[in-house]
Amino acid sequence: MELGATIWVTLPLAVIALYGIAARRNIVRIMMSLELMAIASITVMGAVASSWWRPRGEVMGMMVLVAITVESAILIAIATYLALRKESLDIGG
Amino acid sequence: MGLYEFIIFMTLTNLMAIAVVWDKNLIRSAVALTLAFIFSGLALLSIGSWVLGAFQVLVGASAVAIMAMYAASLAVKEDRVESRGIASLAAAALAALGLSLGLVLIYTPGVFTSYVSPLATINNALFGDLGLILVLFFLLIAAIASASYLIREG
């Protein structure tokens, strides 16, 4: 399977996620954009594993999945903290 | 199945990503994030990485996106868009969809394409020479402990 096409079709996902991280102030939306970025990296790792017949790419993708699960747990804590204390989920002023 | 199905599913994932970033309603954004996880998992399945695709649907669509939906429902209070009852109903429905789809996918390995995830190599990497499963276990425990500490002390 051709690797280049898979990367080109995954690239817009990373760009959209980067825009979301840079342009949004709501902490929940920023972390959702981080998860979109993780989806893009996982997809590229799976495509590399399939194209080059290297299953270690899938193992690395599983590590990224665990990383975004950790990020989600922290997201819940931060969102609950901000909602209780500041009554707003906006950051940066 | 192969490259064309991968492109179709990734196009749908990109559309969902646009909804995540630009939709004003956070609940709708969380639903779009769940669908993005499901579509990208299906894209991975279509090119033969069925282990990663099934894990993405199981962990991503079921756990991560539901957590994001909970956090979004916290923000709904200030936006006054929808009630929490609708959000919890949508979260339960999406969790059931993600779990059932992931369980179906994980029991149908390698029926779609020539590349099939070699379980022996993945098993060796997780439990054998790299010992990754232990590292991942401690990482998750540390995250849960720090999150509960942050909520309690905050």
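1. Ile18(B) is partly exposed, with a relative accessible area of 38%. Here buried means under 20% relative accessible area, exposed means over 50%, and partly exposed is in between (1.4 Å probe, protein chains only). Ile18(B) belongs to helix α1 of chain B. Leaving aside neighbours within four places in sequence, Ile18(B) is in contact with Ile16(A) and Asp23(B). Contact means heavy atoms within 4.5 Å. From Ile18(B) to Leu136(B), 118 residues along the chain, the C-alpha atoms are separated by 31 Å.

2. A word on the basis. This is a predicted model, in which local features need pLDDT of at least 70, side-chain atom pairs count only at pLDDT 80 or more, and totals for chains, interfaces and linings use all residues. Residues are numbered from 1 along each chain as its sequence is written, chains are lettered from A and ligands numbered from 1 in the order in which they are written, and side-chain values use heavy atoms, with hydrogens and water left out.

3. Next, the fold of chain B. Chain B has six helices and zero strands. Helices (H or I, at least four residues) and strands (E, at least two) are DSSP runs, numbered from the N terminus. Of the 154 residues of chain B, 45% count as buried. Take the contacts in chain B with a separation of 6 or more: residues 24 or more positions apart account for 69% of them.

4. Asp23(B) sits in the loop between α1 and α2 of chain B. Its side chain reaches the backbone nitrogen of Asn25(B) at 3.1 Å. Not counting residues up to four places away in sequence, Asp23(B) touches Arg29(A), Ile18(B), Arg28(B) and Ser29(B).

5. Which residue does Asp23(B) meet in a salt bridge? The partner is Arg28(B), at 3.0 Å from N to O. A salt bridge is a side-chain nitrogen of Lys or Arg within 4 Å of a carboxyl oxygen of Asp or Glu. By this rule the count over all chains is one. Arg28(B) is partly exposed, at a relative accessible area of 48%.

6. Now the interface. 60 residues of chain B are in contact with 54 residues of chain A. The area buried between the two chains is about 5,200 Å², and carbon and sulfur atoms give 77% of it. Buried area is the accessible area (1.4 Å probe) that two parts lose on being put together, summed over both. On the side of chain B that touches chain A, the elements giving two or more residues are α1, α2, α3, α5 and α6 (132-153) of chain B. The largest share of that side, 16 residues, comes from α3(B). Zero salt bridges are found across this interface.

7. Last, the largest nonpolar core. A nonpolar core is a set of buried Ala, Val, Leu, Ile, Met, Phe, Trp, Tyr and Cys residues joined through side-chain atoms within 4.5 Å. This one has 61 residues, and those touching the most other members include Leu13(A), Met32(A) and Phe37(B). Among the elements that give two or more residues to this core are α2 (27-52) of chain A and α5 (119-127) of chain B. The largest share, 13 residues, comes from α2(B). Leaving aside neighbours within four places in sequence, the contacts of Leu13(A) include Leu36(A), Ile39(A), Met10(B) and Ala17(B). In soluble globular proteins, nonpolar side chains tend to be buried together.

Notes. A polar contact is a pair of N or O atoms within 3.5 Å; within protein, one must be able to donate a hydrogen and the other to accept it, and residues adjacent in sequence count only if both atoms are side-chain atoms.
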